[in-house]
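Q: Can we walk through the sheets in this one? Keep it quick.
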Amino acid sequence: MEFGRTPALLLLVGVLWSQLQFGSEAAGTTVFTLRNNCTYTVWPATLSGNTAVAVGGGGFELSPGANVSFPAPAGWSGRLWARTDCAPSGTASLACATGDCGGAVSCSLGGYAGCVGDVNALCPAELQVAGKDQKDQQSSTATTTVACRSACEAFGTAEYCCTGAHGGPDSCGPTRYSRLFKAACPAAYSYAYDDPTSTFTCGTGAQYVITFCPAQQQQ
């Protein structure tokens with residue numbers, strides 16, 4: 001989903017919890033609540049598109065079953081997403097198998113898109129990202145498809161990246177790869193000019209709950 005015309009809200013502990021926890025705020029404040037329903041830790045990431053304010057500090061750790069809420073400044077637009085299978089290195093570095101944003105804990109780059117549908121199960125071989133299955137931590141050798149790259153990231157061509165001769169909405173349209181993502185995640189951005197079905201605007205004082213692994217229930 002995209003808030004404003006800037007990068008999509010898709011489908012995110014070096015930040016003090018006191019800065020993340022959101023209590024009573026003035027009426028009209030938009031609040032995002034992130035909930036980890038997965039059986040493993042995720043590292044939510046946030047990226048602001050139209051302001052220097054990094055909501056949620058740009059990224060943080062979220063344990064299984066945990067929730068965190070924070071406000072967004074008026075007119076904010078940007079992205080929130082989950083990073084998985086992450087290995088911290090020091091206080092500012094974080095290498096993740098999926099959703100990685102340049103190895104940083106606090107993001108200044110976008111990551112992989114996500115959605116409720118199981119894109120990994122449908123992912124073509126040329127787009128697959130292999131990694132260790134977090135559900136099978138006892139095995140050190142078992143690998144699975146942990147993410148499905150965009151065609152732009154996989155091939156880097158103008159056709160898939162909507163650049164050069166394909167740099168406008170009239171010359172860059174959906175491809176067989178973007179249609180695969182769109183079928184699994186109808187409300188998510190599937191290519192650069194996927195505005196008509198993927199752009200959403202926050203109402204004043206909106207309250208959003210973003211759930212990672214929404215199909216799973218914590219015991």
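**Sheets and pairings**

A: Ser48 sits opposite Gly78 of β5. Strands here are DSSP runs of E, at least two residues, numbered from the N terminus. Two of them pair if DSSP finds at least two bridges between them.

Q: What should I know about the model and the values?
A: This is a predicted model: local features need pLDDT of at least 70, side-chain atom pairs count only at pLDDT 80 or more, and totals for chains, interfaces and linings use all residues. Residues are numbered from 1 along each chain as its sequence is written, and side-chain values use heavy atoms, with hydrogens and water left out.

Q: OK. How many bridges join β3 to β5?
A: Six, and β3 and β5 (residues 78–89) run antiparallel.

Q: What is the strand order in the open sheet with antiparallel pairing?
A: The order is β3-β5-β6, three strands. β3 (43–48) and β6 (93–98) are the edge strands, each pairing on one side only. The twist averages 60 degrees from one strand to the next. Angles run from 0 to 180 degrees between N-to-C directions, with axes fitted to C-alpha atoms.

Q: Next topic. Which strands make up the open sheet with mixed pairing?
A: Three strands, in the order β4-β2-β10. β4 (67–72) and β10 (207–212) are at the edges with a single partner strand each, so one side of each has no neighbour in the sheet. Here the twist averages 20 degrees from one strand to the next.

Q: Do β2 and β10 run parallel or antiparallel?
A: Parallel, with six bridges joining β2 (residues 30–36) to β10. Arg35 has Thr211 in β10 as its bridge partner.

Note on methods
Helices (H or I, at least four residues) and strands (E, at least two) are DSSP runs, numbered from the N terminus.
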